[in-house]
Amino acid sequence: MIPVLLIVIPLLSGLATFLIKQEKGAKTWSLFSSLITLVISVLGITVVKDQSALSANLEWLPMLGSSFAVTLDGMGQILCLLTAVAFPMIFGATWNATYKNAKNFYALMLLSQAGLMGVFLAYDALLFYFFWELALIPAYFLCSQWGGEKRIAVTMKFFIYTFVGSLFMLIGIIYVYFHTPGQSFALEDFYKAALSPKEQDWLFWLFFIAFAVKMPIFPLHTWQPDTYEQSPTATTMVLSGVMVKMGLLGVIRWLAPVLPMATWQQGDTVGLLCVIGMIYASILAMQQDDLKRLIAYSSIAHVGLMCLAIFVTSEKGMQGVMIQMFNHGINVIGLWIVVELIERQFKTRKISELGGLAQKAPALAILLVVVALANVALPLTNAFIGEFLLFTGVFTSSVSKMGPVFTAVAALSIILSAVYTLNMIQRVFYGNTNQLTANARDIRPNEKLVLGILVVAILVIGVYPKPFLELTQGTVDAIMSKMIIKHPI
Amino acid sequence: MNAIVISAIWGVVMMFSGAFSKSNATARNLSVIGILLLFAVNLLELYGTRLFDVNTTGMLAFDNFGLLFNTFAIGCTAVYFLLNGRDMEKVGLHVAEYYALIFFVLAGIFISSSFSSLLLLFLGIEIISIPLYILTGTDKRNLKSNEASLKYFLMGSFSTGIMLMGICLIYGAKGTFNIEQIALGTTALTPMIGAGLLLLMFSMAFKVSAAPFHFWTPDVYDGAPTVFTSFMATIVKAGLFIAFIRLFESAFETMHPQWQTLIAIITAATLIIGNLTAVFQQSVKRMLAYSSIAQAGFMLFALVAMNGIGREGLLYYTLAYSVPTIGIFAILVRMKDYTFEGFNGLAKHQPVLAAVTTIFLLSLAGIPATAGFMGKFYMLSAAIQNGHVMWLVIVGILCAAISVYYYFRVIQAMYFKDGEPRELETSGFHKGLLVLMAAFVVFIGIFPQWVIQMLYDFIF
């Protein structure tokens, strides 16, 4: 029942939002709805232990062997929690922003939340594809209608990129479907599909392209910085905080265990792409003057590391990916909130035009520094434990021969990440104020509250990550066993 | 049989009504009565009650596949009448005759969905085509309409000639017009059968506007009064597809491996040419004309794959393609400016119209939760199950991505650009009907079970 609620509440409340006339009403309603979703999601993780309440299997298309199968497993719990946490944060942080046609804006935001929940919960391939696309449509409208100057062209690029990827995945899904016992779209049957190594090889790329576009992985990332830059910041938070996790989840749930042999086979090729992307994106991030583009490129580097860890196939790495998916979401949303607050006050995102903010807005500065340090994975922050596991996983991988090389090169991106993040902090918050920032004011209480909660989460997970690691242990074991059983050696 | 007889009779009734009454309302109401009657008698036959027991000496065979298609076609025509009745009256003075011609076209479509002799195929196709030539030219004072009509007539006549030649060759080789008997014992392409098959394939490809025989389509669709383009591009096209698949499945299935590659090439060309040229259009009407070529490409998948899923899928596609297309054209008719810029800012001006247009366009682009997605899903499944044409599937996918570009241009114009669109007054009834259609498109997109169940109940 819980997974159905997680999808239905944002869906219905989103549709209802279209009917609300006043902006304030739409805003309050959305915040309320997202809080309800958060409560249910937390209940699903902490209180409810009954398996039957954590999954549902309703009849949908029995003729085609597809059903409305949703399950809240460990990975689902962590990603649904991230989605459920993200939306109230976003609504809270952008409370003072005004949007024209606000009701449509909030309605589409909630609909995208419903789509995301569906992707994270679906245990049926056709249903997964359905939600995969449904999460995309509201994002398209959000970016195109409320974005920056070049929004229309940029969003079109984003849409076509992801749409092509999705369609490739659809071919793959249909092909696997014809090879499942009894022709069914159920996840369990997908795991049993009889596919020869050769078939797995080309199917791998069909699926991988869809997921790689979403994450994004070099060289399919070119839509990302433009889209992040042009989208309204609230949507950028959804895109980078939550939506990129769709790609990672896709690989973990729908690619690696379904096509294990190909995953072994292609692991190093993908790993190489990830590493190239990490270094390339980090170098580009160093060159940026626009805060949004800087964070966009930094995000490519972080997601690249997670993808790398999946493909070297080690338990530690996989465990790291699970927790890091959550951490990255929290951290990057925190960064976007800061950007949003800066942009709303100064009408600019250019690093070169800002400076000395720490004197005028100390609260913002303190909160940002914590979030930024988490982004660099400083010990005692959440990302440290994640990256530690990721690097350990990649380094000790018994599958990939390239493990140590990948680790060495990937580690460079951490150094680069420290360089551009600290440089950004220094240039935006320290030094002397200029004409623009001389009369800056500090952030409002609601903004302080949201950033404060994020900072607390960062520190709590950083100090005591055990509950999170335990949450996903079962999923990690299940996936690893599926992948290892079919190890060719 | 029920549907053929009633539609022919009702065509005559409509002509007489035109002679006796000049009232447009009478014609409109009579046509709606006729189409409802047609729907009822066709349903009766689907459930086993035949009103007319005519010995067709094996020239017509009524199976559930054809009857189910007829049901969809009649349903779509009913919606089309309700939606476009008043717009038809603006084309010219002879409103009753327009309806009469449409009923005759329907009779032709019903023959094409149940022929089992090549002669009846020919007859059916001609009964469809000749009224269409006239409908294309109904806007007498419009030069474009005249030109389109003449062009359509000339090209159509050539293709008829080619079809006749093909039929003659097949008859020469096999000594029969019956499509089942043609298939008997034929596994290899003799030169004569091969030539006959080719000519039939080309003429049918012309009729469904498959590349490279599509050149008439944009001009004819553009020149014809928009209300009739809507009918031609949807119900008629689907009917011709049913004839195409019926012919090739019954007569030439044993030779499928030999002609599969050729039809796959035609499909790829149709997809590529239709989609690429649609990108460069400045008028939404021409874009829709090219996109209808592109959609034909997707429907051809059923023919390439030649399996159960394809057949089923083609019926589903009929609904999934026709309803949104009729809807889009109904909105287009109301616009005074057919260019993309003409749609600028429609969302602010007419939020309901913009919203339904968006749903129709999303469906045509094949986005999940709309009927179009399940249509595309079926077609792709058919081709993938066939297994020999994976390259074509990839071409189809890339073309589907291109189609997003031009369909979304309309959405962009409506929602993200400012402008003062000029459109005709839209009545509440119209809006209500469009909203219902959009709801239907979403409904069968999310719960395709309802349609699929029907396919399974009647076909298997």
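Reader: How many residues apart are Asp87(B) and Lys90(B) in helix 3 of chain B?
Author: Asp87(B) and Lys90(B) are three residues apart, about one turn of the helix. Helices here are DSSP runs of H or I with at least four residues, strands are E runs of at least two, and both are numbered from the N terminus. This is a predicted model, in which local features need pLDDT of at least 70, side-chain atom pairs count only at pLDDT 80 or more, and totals for chains, interfaces and linings use all residues. Residues are numbered from 1 along each chain as its sequence is written, chains are lettered from A and ligands numbered from 1 in the order in which they are written, and side-chain values use heavy atoms, with hydrogens and water left out.

Reader: What does Asp87(B) form with Lys90(B)?
Author: The two form a salt bridge, with the closest N and O atoms 3.4 Å apart. A salt bridge is a side-chain nitrogen of Lys or Arg within 4 Å of a carboxyl oxygen of Asp or Glu.

Reader: Is Asp87(B) buried or exposed?
Author: Asp87(B) is buried, with a relative accessible area of 4%, whereas Lys90(B) is exposed at 55%. Buried means under 20% relative accessible area, exposed over 50%, and partly exposed in between (1.4 Å probe, protein chains only).

Reader: Which residues is Val333(B) in contact with, beyond its sequence neighbours?
Author: Leaving aside neighbours within four places in sequence, Val333(B) is in contact with Asp87(B), Thr226(B), Val227(B), Tyr338(B) and Leu424(B). Contact means heavy atoms within 4.5 Å. Val333(B) belongs to helix 13 (residues 308–334) of chain B and is buried, at 13% relative accessible area.

Reader: And what meets Arg28(B) in a salt bridge?
Author: Its partner is Glu89(B), at 2.5 Å from N to O. Arg28(B) lies in helix 2 (residues 24–46) of chain B and Glu89(B) in helix 3 (residues 64–91), so the pair ties together parts that are 61 residues apart in sequence. Arg28(B) is buried at 16%, and Glu89(B) is buried at 17%.

Reader: Changing topic, how many residues of chain A are in contact with chain B?
Author: There are 32 residues of chain A in contact with 38 residues of chain B. The two chains bury about 3,200 Å² between them, 85% of it on carbon and sulfur atoms. Buried area is the accessible area (1.4 Å probe) that two parts lose on being put together, summed over both. Met63(A), Phe130(A) and Ile171(A) supply 19% of the area that chain A buries against chain B, more than any other three residues.

Reader: Which element gives the largest share of the side of chain A that touches chain B?
Author: That is helix 6 of chain A, with 14 residues. The residues on this side of chain A divide into 28 nonpolar, two polar and two charged. Ala, Val, Leu, Ile, Met, Phe, Trp, Tyr, Cys and Pro count as nonpolar, Asp, Glu, Lys and Arg as charged, and the others, Gly among them, as polar.
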